[in-house]
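Morning, everyone. One structure today, and a few minutes on its contacts. Here it comes.

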Amino acid sequence: MELKKLEEIFQYKIDNEIKIEPKDWMPEAYRKTNIRQISQHAHSEVVGMLPEGNWITRAPSLKRKAILLAKIQDEAGHGLYLYSAAETLGISRDEMIDQLHSGKAKYSSIFNYPTLTWADMGAIGWLVDGAAIVNQVMLTRTSYAPYSRGMVRICKEESFHQRQGFDILYVLSKGTKEQQAMCQDAINRWWWPSLMMFGPTDSESANTEQSMKWKIKRKTNDELRQQFVDMIAEQVKVLGMTLPDPDLKWNEKTSSYDFGAINWDEFWNVVKGNGPCNKQRLNARRKAHENGAWVREAALAHARKQKEKNKAA
Ligand code: FAQ
């Protein structure tokens, strides 16, 4: 079929909310944008296991430990769904992992901050998973079908993550003065980096305009950030805590919260690899990959044997 006709069919599908499947024709730039976004999302899930993994051995009770362990395992699962979704676009898992390890591919800025106290587990669940959900609910309607299907399941699991984070903070907020202070301190440290998760402001966002046209993104970075602020500014009242922003104010006219200026220098510094934990996170991933080489070899050897057995039978 000639190119013009293929482009028309693709555009018809986008215009009419018909999802694009892996075997459908798609513009090369659409394929590349999806590979970039989905693989960076997958890397974020996997690197995102590290800050919380740090607290598994120090969780305050057996119950908290079991919950945290389950939550972190969910993140590994999210990484797997997403790597699989990206593979349907013609890139291999090995290539994606290489891009992460070489620093070519990005992952979310948020995971380059340290987890200093147990309250950070609560703040990550409530704020980081909370921000992730706001972004990902929008992505359940993304135009690339495997990504959209993956997002439906991921969002269900993320809801549990956010609730468990809020529960950790809720218990601390009703605890001793020291526990309350620990709760407030974690909120203070995670608030601004959580707002940065949504990416640069729309006027600085290189990819938003085209991604909105292709319906890969259904809302802009600023729209989602505002939605998140409006949600958290209410929930924080239940904790009896505050958000570290003197400019946070309800605006009658816009029916939403105004909020203060984000430190974009800090954001870009972290994205470029100079955040507090960037080097530590990448080294941990590289080491885990090297240490896992024998598992991959054993799995391949097992698959080969099974294939030979089946052939012989
Ligand atoms: N960090 O033009 P835009 C989670 C980059 S999952 C680092 O606006 P776009 C679960 C961006 O890649 C969290 N880099 O880009 C969990 C681009 O660079 P490039 C991850 C960032 O793609 C919880 C450049 O800046 N979620 O948390 C960031 O249209 C707890 C220009 O930006 C997703 O990945 C950032 N924050 O919009 C796990 C969701 N923001 O590639 C464990 C899917 C932007 O051109 C524990 N992704 N950049 O070189 C998206 O929705 C989009 O990719 C955005 C960025 C909204 C993140």
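Which residue forms a salt bridge with K13? D24 does, with the closest N and O atoms 3.4 Å apart. A salt bridge here is a side-chain nitrogen of Lys or Arg within 4 Å of a carboxyl oxygen of Asp or Glu. K13 lies in helix α1 (residues 3-15) and D24 in the loop between α1 and α2, so the pair ties together parts 11 residues apart in sequence. The structure holds 17 salt bridges.

Some ground rules. This is a predicted model, where local features need pLDDT of at least 70 and side-chain atom pairs count only at pLDDT 80 or more, while totals for chains, interfaces and linings use all residues. Residues are numbered from 1 along each chain as its sequence is written, and side-chain values use heavy atoms, with hydrogens and water left out.

Next, polar contacts, meaning pairs of N or O atoms within 3.5 Å. A backbone N or O atom of S109 sits 2.8 Å from a ligand nitrogen. The side chain of S205 has an N or O atom 2.7 Å from a ligand oxygen. For N221, a polar side-chain atom is 2.8 Å from an oxygen of the ligand.

Definitions and conventions
A polar contact is a pair of N or O atoms within 3.5 Å; within protein, one must be able to donate a hydrogen and the other to accept it, and residues adjacent in sequence count only if both atoms are side-chain atoms. Helices (H or I, at least four residues) and strands (E, at least two) are DSSP runs, numbered from the N terminus.
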